[in-house]
Structures are given as C-alpha cells and as structure tokens.
Amino acid sequence: MISLLEQYKIIIDPISGSVGLSAIAAALALVTLFLLLGVLRMKAWIAGLISLAVALVVAVVVYGMPVGQALLSASEGAAFGFFPILWIVINAIWVYNLTVSSGHFDVLRRNFGRISPDLRIQAIIIAFCFGALLEALAGFGTPVAITVVMLMALGFRPIHAASVSLIANTAPVAFGALAAPITALATVTHGASDHPGLNLETLGAMVGRQTPVLSIIVPLVLVAVVDGKRGVRQTWPAALVAGVSFGVAQFVAANYISVPLTDIVASLVATLAVVLLLRVWRPSESPDLSVSSETAGDGKAAAAVDGDTTVPATVGSGAATSTIERVEAEPRDSRADVFKAYAPYAIVIALFSIANIGAVKAALAVSPWTVKFQWPGLDVLTAAGKPQSSMMFAFGWLPAAGTLMIFAGILSAIVLGVRPGAALKAYVNTWVSLRHAIVTVMAVLALAYVLNQSGQTNTLGAFFAGAGGAFVFLSSILGWIGVAVTGSDTSANALFGALQVQTAARTGLDPVLLAAANSSGGVMGKMISPQNLAIAAAAVGMAGREGEIFRKVLGWSLVLLLFMCILVTLQSTPILGWMVVK
C-alpha cells in the first residue's frame with residue numbers, strides 16, 4: 001500500500017524520451033472524450049467517466065504514476081468539480097426555480113414583452129440581455145432552454161427562436177454561473193504554472209478585455225438572423241446600444257467591480273440602456289414576423305438542460321395573432337409583482353457586493369470561514385522537483401459563490417412569498433434534475449486533474465510548443481473545440497487551461513493571454529455543441545432535426561471564432577498589447 005502512495009515526480013517524455021510519441025498517449029483520454037461525445041453521441045456523464053478511466057490507465061501504465069496518487073488526483077478534481085463549481089450551479093438554478101414556482105418568472109417575461117412589440121427588438125432584449133442574466137446565474141444550458149420558450153411564446157419561427165438563442169448564448173458564457181468557468185480556469189492554470197497572474201481576478205479581467213468586443217457584434221447578428229439586411233438597417237441603433245452598453249459594463253465589472261457579478265451587471269445595464277433608448281426612438285417600421293401557433297408547434301415545448309432538467313412551457317393555441325395582439329392580451333401585472341420579479345437579482349447583486357468589499361473579503365478569506373489544506377495523501381512534484389501547487393485545496397465554505405446563492409435563495413423565497421416547504425421541495429428537485437450534470441462535471445474535473453498531475457498536459461504543452469508564436473492564433477480554436485464537444489466552457493477550461501499556460505511558457509507567450517483566450521474562444525463553440533443543439537431543438541419542436549439548426553448557426557460560430565483569433569493574436573503584438581492585463 002505504501003508503494004501505491006509513494007511520491008510521484010512529473011515526467012514529460014515517458015515513451016522512449018520522445019515528446020511526440022508521448023503526446024499520442026497523452027491525447028488518448030481527450031480523443032476518447034471527443035469521440036464518445038461528438039461522434040457516438042454518448043451521454044455526457046458516461047463519456048466523462050470512461051474518459052477518466054482512460055486517463056487513469058495512461059497515468060499509471062505509461063507515466064508510471066502510483067495508483068494511489070492517480071486516484072487521489074482524480075478525487076481532488078472531483079471534489080473541486082463539486083465545490084465550488086457545482087455548488088454555484090445548483091444553488092443558482094434553485095434561485096431561478098423559486099421564481100418559476102412563485103409565478104414571478106412569468107411576470108418578468110410579460111414585462112419584457114411589453115418593452116417593444118418588434119420581434120427584432122425582443123431578440124435583443126430576451127435572447128441577449130435576459131439570456132445573459134440567466135447565464136450569469138445558472139449557465140449550463142439554462143439560458144437557451146428558457147429564452148427559446150419565451151421567444152416561441154412571442155411568435156418567433158422555430159428555426160429563428162433556436163438560432164437566436166444559441167447565437168446570443170456566446171458573449172456572456174465565460175462569466176456564466178457566477179464566473180464558474182473562470183474559477184475553474186484559475187485553479188487548473190495556477191496548478192500548472194507559478195505565474196502570479198493566474199488567479200480569478202486577473203484572468204477575469206483579461207477575459208473582460210476580449211469578450212466585450214464580441215458583445216458589440218452579437219446583437220447585430222441576432223437581428224440579421226431574424227430579419228436579414230432589413231432588420232440590421234432598421235434596428236441597428238438598438239443592437240448597437242445593447243452591444244456597446246453590455247460590453248462596457250462587462251469590461252468595467254470584470255476589471256473593477258467583481259468577476260462573479262460581471263454578467264449580472266452587464267445584462268442589467270444593457271437592458272436598461274435599450275429600455276431608455278426605446279423611449280426616444282422606435283424602428284421606422286415593425287413588420288409582423290410572427291407565425292401562427294399551429295406553425296410553431298402543437299402548443300407545448302420542453303427543453304432539457306444537460307439532458308436532465310426539464311423546463312415545460314406553453315407556446316399557445318388557436319388562430320394566428322400578431323405580436324402586438326398577443327402581448328396586449330397578456331394580463332397586466334401590479335408594480336408590486338414586477339418589483340418582486342426583479343427582487344432576486346437585486347438580492348444577488350447586493351450580497352455579492354457586500355462580500356466583495358475589501359475588508360469583508362479579506363476577513364472571509366481566512367480561517368474558520370476559508371480552510372486551506374493539502375489534499376490528504378497526495379504527493380506530486382513538478383518536473384522541476386517542486387511541490388505541485390494544485391495539491392492545495394481551498395474550502396471557502398462561507399464566502400463561496402454557491403453559499404452566497406443559498407442566502408440569496410432564502411431571502412428571495414421570503415420576498416416572493418414562497419413557503420419554506422415549497423422552497424425546500426424546489427431545492428430537492430433541483431438536485432434531482434441535475435444528477436447527471438453533477439456526475440458529468442465531477443468526472444471532467446477529475447479527468448483534468450489526472451491529466452495535469454500525471455504530466456499528460458505537460459507533454460501536450462511541449463508538443464504544441466512546436467507551433468511557436470503561431471500558437472497564439474490557435475489558442476482560441478482549442479477552447480472552441482473543447483466547448484463544442486463538452487458543451488461547457490467550464491469543462492473546456494479544466495481540460496485545456498493548463499495546456500495553454502504550459503505552451504505559453506515554452507513559446508515565450510503571455511500565459512494570462514492564452515488562458516483567457518481558451519475561455520473567450522470557447523464561447524463560440526457553445527452554439528454548435530450537441531447538448532445545446534438538443535436543448536434548442538427540443539424546445540421548438542424540432543427534436544431529431546438538430547442538423548438544420550446546426551447549419552443555421554455554424555457559419556456565425558466560425559466567423560465569430562475567426563474574429564476572436566485575430567483579436568487575441570493582435571493582443572500578443574504591440575498593436576493591441578496594451579489591452580493585456582499586466
């Protein structure tokens with residue numbers, strides 16, 4: 001047993017001293033994951049567990065990592081996958097479920113619907129602005145599931161509703177679920193490099209200097225999808241106001257306020273900016289682009305989040321009506337109900353703002369509120385012979401974003417008038433509905449830790465370093481591939497974050513820039529991931545026709561990815577080098 005737990009030192013070229021041959025073995029687990037998800041369309045949680053098993057076998061057989069150390073690495077990764085990542089997601093979705101069970105989510109939907117009867121404007125408000133808010137709080141497919149249903153209820157054509165929701169779910173993704181992707185990125189990169197900038201604040205700030213530029217483009221793409229050139233020509237002021245205000249707010253929040261709050265702040269600012277604009281400006285015409293409920297579907301839709309969480313909705317029935325008639329037919333909500341509908345988001349902002357006050361944050365970062373310890377039994381040295389920093393586990397049980405969301409949920413339940421029993425039932429149902437997603441995330445993070453602590457990531461980094469300075473252009477593509485296959489920016493960051501910084505170290509590139517590029521480039525892969533496509537197709541009654549939606553959004557995904565690749569490349573040069581966080 002002692003030999004199973006003996007100290008392990010990372011090696012880079014275990015096969016005949018060849019990095020090339022070793023890279024083939026190091027890539028096996030990732031190739032397995034991609035094939036199982038992308039080709040065989042296997043359930044994500046099963047694919048994650050199988051790929052983890054492959055990584056463990058490679059670590060032990062090829063790299064000579066003691067079995068005990070390999071299993072301990074996997075256990076630490078799984079623990080990190082649950083806390084703080086899943087701890088954030090579970091409790092954030094619970095807060096959302098409270099608004100649904102209390103009926104106040106419908107109040108919010110109706111409130112958005114009355115801002116403008118123009119479907120092109122609604123695409124901006126609901127898919128882009130409100131979708132970003134849902135991404136901020138929950139992520140993991142929730143924004144697509146919900147906004148697709150809302151757009152269908154307003155009369156959007158099925159293919160347009162699906163495409164608009166998928167494309168909109170890009171710019172906010174890197175900061176989704178209270179910045180869970182950045183949290184994962186900071187942890188895996190910090191464990192792979194001693195660069196001082198590989199932390200939540202710095203990486204969040206750097207991503208906040210990339211995705212805001214993307215935000216300016218996305219609303220224009222949305223109106224183009226809904227109404228072509230005419231849509232862009234007639235509604236570009238609203239699209240530009242939404243994109244610029246969102247991008248500026250995202251930059252400011254990520255760099256100067258709070259990384260976890262970035263998308264919440266940005267989405268609310270963008271919504272307010274569009275509402276204010278519509279008080280003084282309207283499109284020259286508002287063509288009725290809606291379809292009858294018979295065309296939209298049979299009146300019912302259901303969207304599955306990560307294959308498990310089901311969000312039912314009713315699209316409508318009866319004779320065709322215009323968007324204006326449909327909105328006017330909705331019941332009027334009292335100011336008190338509208339206030340309650342927005343209250344949970346205000347509570348979240350207030351709690352996170354308090355927790356990010358310098359003195360409060362410092363006080364909560366130490367014992368007993370935050371406990372830091374080396375993972376029991378784990379003893380791994382870097383290739384240079386130093387203790388692997390990723391062996392340290394920080395258990396910030398009180399300041400964790402997920403814990404703050406529990407407090408937000410309790411306060412929200414009180415404000416919304418949800419009885420304790422109903423709130424508890426909603427909490428239990430949230431856990432049950434996310435059971436497979438929980439296994440998936442824990443398996444992927446366990447896989448990432450085994451890859452990193454066995455040296456497989458180091459091998460791949462050394463191999464990719466052969467691309468030299470050209471790797472800066474490829475870094476965003478790597479993130480895009482990761483998200484396209486896994487459906488999660490968090491998972492892609494866990495898989496490739498360490499690889500990015502280790503390649504950066506070998507090529508003389510900035511590790512903060514490449515780590516951020518992995519997350520920023522990855523967001524464009526979200527719209528073509530099998531999971532998100534399945535969610536959108538199910539919601540609009542096109543189950544089994546995901547290929548149609550895929551073809552509709554693939555071009556936009558590639559165009560936006562190319563844009564991000566060019567931006568990151570320029571940021572590595574004196575031209576835009578001033579944008580990189582120092």
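Student: How many disulfides does the count come to?

Tutor: This is a predicted model, where local features need pLDDT of at least 70, side-chain atom pairs count only at pLDDT 80 or more, and totals for chains, interfaces and linings use all residues. Residues are numbered from 1 along each chain as its sequence is written, and side-chain values use heavy atoms, without hydrogens and water. A disulfide here is a pair of cysteine sulfur atoms within 2.5 Å. By this rule the count is zero.

Student: Is Cys 129 buried or exposed?

Tutor: Buried means under 20% relative accessible area, exposed over 50%, and partly exposed in between, with a 1.4 Å probe and protein chains only. Cys 129 has 1% relative accessibility, so Cys 129 counts as buried.

Student: And Cys 565, buried or exposed?

Tutor: Look at the relative accessible area of Cys 565, which is 2%. Cys 565 is therefore buried.

Student: Which helix holds Ile 257?

Tutor: Helices (H or I, at least four residues) and strands (E, at least two) are DSSP runs, numbered from the N terminus. Ile 257 lies in the run of residues 211-257, helix H11.

Student: What share of the 582 residues count as buried?

Tutor: The chain has 25 helices and six strands. Its C-alpha trace spans about 75 × 50 × 45 Å along the principal axes. Of its 582 residues, the buried share is 60%.

Student: What share of the contacts in the chain with a separation of 6 or more comes from residues 24 or more positions apart?

Tutor: Contact means heavy atoms within 4.5 Å. For residues 24 or more positions apart, the share of those contacts is 80%.
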